[in-house]
Amino acid sequence: MKKILITGGAGFIGSHVVRLFVNKYPNYEIVNMDKLTYAGNLANLKDVENKPNYSFIKGDIVDAAFVNELFSVHKFESVIHLAAESHVDRSISNPLEFVMTNVIGTVNLLNAAKNEWKDNFSAHRFYHVSTDEVYGTLGESGLFTETTAYDPHSPYSASKASSDHFVRAYHDTYGMDAVISNCSNNYGSHHFPEKLIPLSILNIKNNRAIPIYGKGENIRDWLYVEDHARAIDVIFHNAKAGATFNIGGHNEWTNIDLIHLLCKIMDKKLNRAEGESAKLITFVKDRAGHDLRYAIDSSKLQKELGWVPSLQFEEGLEKTVDWYLANEEWLNNVTSGDYQKYYELQYTKR
Ligand code: NAD
Ligand code: TYD
């Protein structure tokens with residue numbers, strides 16, 4: 001059996017990747033390794049936790065001794081690396097945590113993989129999951145392609161850019177089979193409610209203010225998380241060593257238009273009068289260094305590997321709302337304790 005390590009599998013995107021691989025590839029042994037930070041939640045994987053080809057190991061990628069031991073015991077065939085600190089606002093308050101996990105953690109994994117695989121790199125693959133935020137920001141026109149120069153602005157995107165450079169360096173210097181994908185903003189079920197869409201769903205449901213940074217004019221390119229997981233599957237199995245692919249949905253929305261659409265869906269689902277939820281929209285102080293626009297050109301992935309997004313945004317957003325409304329217990333669990341403290345710090349002083 002192929003043994004594949006998925007790091008960060010208890011998080012938002014990681015849990016969708018783990019679910020896809022465990023169900024689709026019963027002949028692969030999937031090992032999910034995760035530190036279970038505030039963003040990691042094993043409840044995300046309840047439906048696969050008893051499958052014979054799935055196991056979980058709690059661990060921290062910053063701990064080099066642990067990572068080396070993990071690789072030497074398990075003899076992984078390949079790695080799909082998603083573990084990261086992922087929230088821009090948290091990176092602004094605590095950049096070092098992002099350097100530790102996203103840069104040092106990634107280099108620890110690369111070193112352990114190199115030591116184990118150095119005699120036969122072509123039999124192993126290191127797949128690094130990255131973000132379009134490494135490219136910086138766009139003006140009103142243009143799209144990020146795989147050759148756009150890196151120009152990160154936030155501590156989060158700077159740490160991801162750095163980790164991408166290390167992955168490429170291990171390919172170019174040592175000959176490791178490494179692949180990188182840079183994806184646009186994801187949305188869908190199991191998304192921690194500190195990011196725009198799940199936070200807004202939660203607040204609308206609880207009749208709390210929806211905080212919109214600045215004037216809500218920033219643009220993001222939204223992709224349904226299961227489409228991202230499918231893209232990772234296709235790239236993992238078919239990309240050439242050293243390749244990079246952009247992943248995106250050709251689905252640009254200003255934050256304010258997106259929130260109006262979400263409010264309309266929530267009014268319908270909660271049997272509120274049309275326009276009721278939109279009254280909660282509250283403009284707050286802008287994020288420092290706030291990138292204006294992200295938009296991805298994913299034509300390379302579409303042409304070379306035949307991947308296309310499966311869902312229209314309206315349909316995906318409605319499915320997402322349905323999931324949050326049906327999973328109150330999940331929401332209550334993740335928003336107790338530390339979440340309250342984070343919320344106070346992040347929003348009450350704005
Ligand atoms: P997430 O914050 O929901 O999950 C991250 C996971 O990593 C959590 O389970 C957490 O416990 C784990 N983790 C954190 N630090 C760790 C450590 N030191 N050791 C081991 N595990 C640790 O993030 P996400 O949104 O699922 O993002 C996953 C990956 O995809 C990240 O690398 C992110 O940069 C990238 N990405 C995210 C998006 C997006 O829209 N969310 C878009 C493009 C790329
Ligand atoms: P976010 O979900 O944090 O993703 P990212 O910063 O990685 O793109 O934010 C998406 C957009 O929404 C971004 O332009 C910032 C904005 N935003 C708000 O307006 N209010 C909020 O409370 C949050 C969390 C984000």
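**Reading the ligand shells**

Analyst: In the side chain of Asn255, an N or O atom lies 2.9 Å from an oxygen atom of ligand 2. The model is predicted, with local features requiring pLDDT of at least 70 and side-chain atom pairs pLDDT 80 or more, while totals for chains, interfaces and linings use all residues. Residues are numbered from 1 along each chain as its sequence is written, chains are lettered from A and ligands numbered from 1 in the order in which they are written, and side-chain values use heavy atoms, without hydrogens and water.

User: How is a polar contact defined, and which nitrogen and oxygen atoms of ligand 2 are 2.8 Å and 2.7 Å from the protein?

Analyst: A polar contact is a pair of N or O atoms within 3.5 Å; within protein, one must be able to donate a hydrogen and the other to accept it, and residues adjacent in sequence count only if both atoms are side-chain atoms. Here, a nitrogen atom of ligand 2 is 2.8 Å from a polar backbone atom of Pro211, and an oxygen atom of ligand 2 is 2.7 Å from a side-chain N or O atom of His290.

User: How much of the accessible area of ligand 2 does the protein cover?

Analyst: Accessible areas come from the Shrake-Rupley method with a 1.4 Å probe; for residues, only the protein chains shown count as cover. Ligand 2 has 510 Å² on its own, and the protein covers 97% of that.

User: Which elements give two or more residues to the shell around ligand 2?

Analyst: Helices (H or I, at least four residues) and strands (E, at least two) are DSSP runs, numbered from the N terminus. For ligand 2 these elements are helix H3 (88-93), helix H6 (196-205) and strand E8 (210-213); E8 gives the most, with three residues.

User: Which residues come nearest to ligand 1?

Analyst: A residue is near a molecule if one of its heavy atoms lies within 4 Å of it. Around ligand 1 there are 28 residues, of which Ile13, Asp34, Ser86, Tyr156 and Lys160 come nearest. A polar side-chain atom of Lys160 is 2.7 Å from an oxygen atom of ligand 1. Taken alone, ligand 1 exposes 840 Å², of which the protein buries 97%.

User: Into which classes do the residues around ligand 1 divide?

Analyst: Ala, Val, Leu, Ile, Met, Phe, Trp, Tyr, Cys and Pro count as nonpolar, Asp, Glu, Lys and Arg as charged, and the others, Gly among them, as polar. The shell around ligand 1 holds 12 nonpolar, 12 polar and four charged residues.
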